[in-house]
Amino acid sequence: MDEVIWVLLGLVVVLAFPVLAIVALVNALNAKERARQLELRVMALEAGAPAARPAPSAEPQPIVVEPPLAVSEPIIEAPVTDLPPPASPPRPEPSATPMPSATAPSTTLEERLGTQWVVWIGGLALALGAIFLVRYSIEQGLLGPGVRILLAAIFAGLLIAAGEWARRNEIAAGVIAIPTRHIPSILTAAGTVTAYATVYAAFALYDFLSPPAAFVLLGLVALATLAAALLHGPALAGLGVAGAFVTPLLVPSDAPNYWALYVYLAIVSAAAFALARMRLWRWLAITAVVLGALWTLPGVNYPSVDALAAHLFHALAGFALVATLIVSGLLYGPTAAPGKIDEISSGAIGAYLLAVCVLAIGSAHDSAALAVFTILAAATVAIAWRSEAALWALPAAGALTVFMMLHWAVPAMFETLVLAPGVTRGAIPGPSTATGLHLALGAAFAALFGLSSFAAQGRSDNPTVALLWSATAVVTPIALLIALYMRIAEFERSIPFAGLALLLAALDGYATDLLSKREPRPGLAASAAVFATGAVASLALALTLALDKGWLTVGLALMVPGIAWISEQRPLPALRYLAAAVIVLVLLRVGYEPRIVGNDIGTTPILNWLLYGYGVPAASFWTAGYLLRRRADDVPARMADSAAILFTVLLALLEIRHYMNNGDVFRQSTALAEVAMQVSVGLAMTIGLERLRARTRSIVHDVGAQIIALLTLVAIVFGLVVSLNPQLTGRPVGGAFFNLILLGYGIPALLAAILALVARDSRPLGYRTIAATSAVVLSMLYLGLEVRTLYHGAILTRGVTSDAEQYTYSAVWLVFGILLLFAGFMLRSQPARLASAAVIAFTIVKVFVIDMAALTGIFRALSFIGLGAVLVGIGWLYQRLLFPARNKAITSDATGAGNGNE
């Protein structure tokens, strides 16, 4: 017998927890509303004005029943009727004495104990008392099972009758109802819990009832509880909903009858929705929708034909009831605010649409499930057209449509790409291999969402509405086309699908043109921008589908300047960030395979896939950066500029590496010619960015120039000067003058000198000094190595150094120093003159240290004579050209002193 008692106690607890949660939620909301109204009254009293009352509306609203007005219901919430308001009492004349501020009295512990806790505990005690009474009768053997059940039913009826008597007595006495501690409601709730326990005990413990009879009785108790909620408030509504949807779980069956279950759930849902609509209890609508949608899940995987039909009936019935009673502004739903999107209306429609999508996937895309999904998707579009309150259901319908198509496409694609042919084929269950039905559905859905969304433009004063319609019209058809392509073409080239993508591009472009010609409406310009973006995306998709896989990078890159141009014409911030997102996709694609097309890159210099895979994105990003920067130098514009610099550098470096290694860009080797060309490219790009940043004032161009210059300097020092210096490596450099020495040192020296000149007015002294020093060092290396080549041929490490060679080094470097000095005079550049002084000083050290010891005969004499003549000439130049005024002053002073001595 103890097991019986504990089962009954468990049932009470199971039903009590959801009720308590719902009651707590309602209490919190009511308390918040009462506090707000009290605050308004206090503010009005302090200002000496009557308290403001809510403005009347066409829709019934919950109100607070306050003394001393007579009430017709003993609950706090009641629908507003069309009766005229009671006459206001005459206002007293204002006086000079300020009115004392009203404060809400605080609830004491004694009041809470006497008015709240005792009521709650009393109701629980009554329910438990019924159970303990049954236990006592069992322990004493006083009554048989039938009598126990009869007495429990009578006790439940007495509790419910007592609750109704108390309610009517309060009405007659004019007692104010307090919802959180309303005695009639507590009595009625205790009675309904006892009724649930009685029916369940008669079925589960004593087998007095068959499963169908128990099911019907439990359902009647739940529906009666929902009906009583009209009189007793939200607590009973929560209890009724919990009991009604839990009842099927309490009555197990070896052969489930889905039709009986779903007819019952349709009745319960209708009752719950009607109650929620009458009392405007949003929480009740949400609870009923969620529980009703969850009841779609039992037996959803590969159901029988009859079970699938019953599941579909349940989803259709729920969808129809929601559309009739819950969606604001539609049929019998609440009144909708113009232009406002309601989350409850949208979510309720989307929940049952999701349920049908799950059924279609679980049934392996059964034709009946697909037909119902199509009907509900079309109905969702019609509802969103009729009532903007349910508009969030529109993109949800598009997303569910795409998800269902992707589920149809992915299993076959996964099996093709992953599973080997043979016995493993077919290991993954999935939809049928027929494609005609899904092709027709894809076309129908694309037309449904595209045409309706275009026709909806300009109908609303809310710009968000137009954006949601346009986004659904653009994204859904493109995503459907990609899903169909994945399943049917399996990532191979497909001219038919490319043609469909071109058709989408043409339609989106035509829609953009038509919307641009319309009179201005809220959101219309943004929608035109969305359609234009769809045209660019469809065009890029067409290129991707029509050409080889490497063109995916090209197609994505070409989208970026198109989106940037659209964002300039239609200044929608989201478009700029869309361009940035596409840039990230291109970077990820290139990072996944730097060779763009793998081993098919080819061996042809320059005209290979590197040129297309990096050159086209580089040009696209330069263009996009320019277009985006015209409006603002923000994050998307800087991302485009950064990507343009990166792809330009990668294009040059990889093309050089491809050329030097016969097409193998991953080859582990480095030669002087390769590093020399990379250094020249780095210097040339730095010069270009220096010129560009002077015009754009872009921080990206500024930082990019510095980064490239730094990397180039590292390549010069550790590559050209140290590790790859032919004087140290002994590798051949070619013939005289036109050889690797010119490529590796002469050209970089000239470019470094140009960089120093370009940066003379825009960079700090340190930057200019490093550039000038690099130019001087590379020039001296070039001159020295060329002299070495003239005396030793292609391999510089062969042979010994002759006197003539040593003298030639000194003479060449002196001439170079003199040329630098002249350049410094001509350009009025102190760094150039200082560089000249450094070269000549180096030559002086060389003459006095090396030439004096190593040279003999005429070459030693010529070395010193030449050095002396040059130094005297330099002094003459400084005196005549750089400091002539000081020299004249010194001369005049000397002349005056001589005359005075005479």
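## The loop at Leu280

Leu280 is found in the loop between helix H7 and helix H8 (282-294); helices here are DSSP runs of H or I with at least four residues, strands are runs of E with at least two, and both are numbered from the N terminus. Although Leu280 is not a glycine, it has a positive phi of about 55°. Leu280 counts as partly exposed because its relative accessibility is 22%; buried means under 20% relative accessible area, exposed means over 50%, and partly exposed lies in between, with a 1.4 Å probe and protein chains only.

This is a predicted model, in which local features need pLDDT of at least 70 and side-chain atom pairs count only at pLDDT 80 or more, while totals for chains, interfaces and linings use all residues. Residues are numbered from 1 along each chain as its sequence is written, and side-chain values use heavy atoms, with hydrogens and water left out.

His365 is found in the loop between helix H10 (343-362) and helix H11 (367-386). The phi of His365 is near 60°, a positive value in a residue other than glycine. With a relative accessibility of 7%, His365 counts as buried.

## The chain as a whole

The protein chain has 29 helices and zero strands. Of its 902 residues, 45% count as buried. The accessible surface of the chain comes to about 44,600 Å², and 69% of that belongs to carbon and sulfur atoms; such areas come from the Shrake-Rupley method with a 1.4 Å probe, and for residues only the protein chains shown count as cover.

Contact means heavy atoms within 4.5 Å. Among contacts between residues at least 6 apart in sequence, 72% join residues at least 24 apart.

## Nonpolar cores

In soluble globular proteins, nonpolar side chains tend to be buried together. A nonpolar core is a set of buried Ala, Val, Leu, Ile, Met, Phe, Trp, Tyr and Cys residues joined through side-chain atoms within 4.5 Å. The largest one in this model has 134 residues, and Phe273, Val322 and Phe621 have the most contacts inside it. Helix H16 (residues 524-546) gives the most to this core, with 14 residues. Apart from it lies another core, of 27 residues, including Val679, Leu720, Leu724 and Leu778.

Leaving out residues up to four places away in sequence, Phe273 touches Ala285, Ala288, Val289, Gly318, Leu321, Val322, Leu325, Ile326 and Tyr352.

Ser269 sits in helix H7 (residues 258-279). Its relative accessible area is 3%, so Ser269 is buried. Not counting residues up to four places away in sequence, Ser269 touches Phe245 and Leu321.

Leu627 lies in helix H19 (residues 609-629) and, at 10% relative accessibility, counts as buried. Beyond its neighbours within four places in sequence, Leu627 is in contact with Pro561, Ala564, Trp565 and Glu568. Leu627 and Ile563 are 64 residues apart along the chain, and their C-alpha atoms are separated by 9.7 Å.

## Helices H20 and H22

The axes of helix H20 (residues 635-660) and helix H22 (residues 699-723) come within 9 Å and cross at roughly 30°. Axes are lines fitted to C-alpha atoms, for helices over the stretch in contact, and angles run from 0 to 180 degrees between N-to-C directions. H20 is therefore roughly parallel to H22; angles under 35 degrees count as roughly parallel, over 145 as roughly antiparallel, 65 to 115 as roughly perpendicular and the rest as oblique.

The contact is made by Arg638, Asp641, Ser642, Ile645 and Val649 of H20 and by Ile699, Val700, His701, Gly704 and Ile708 of H22.
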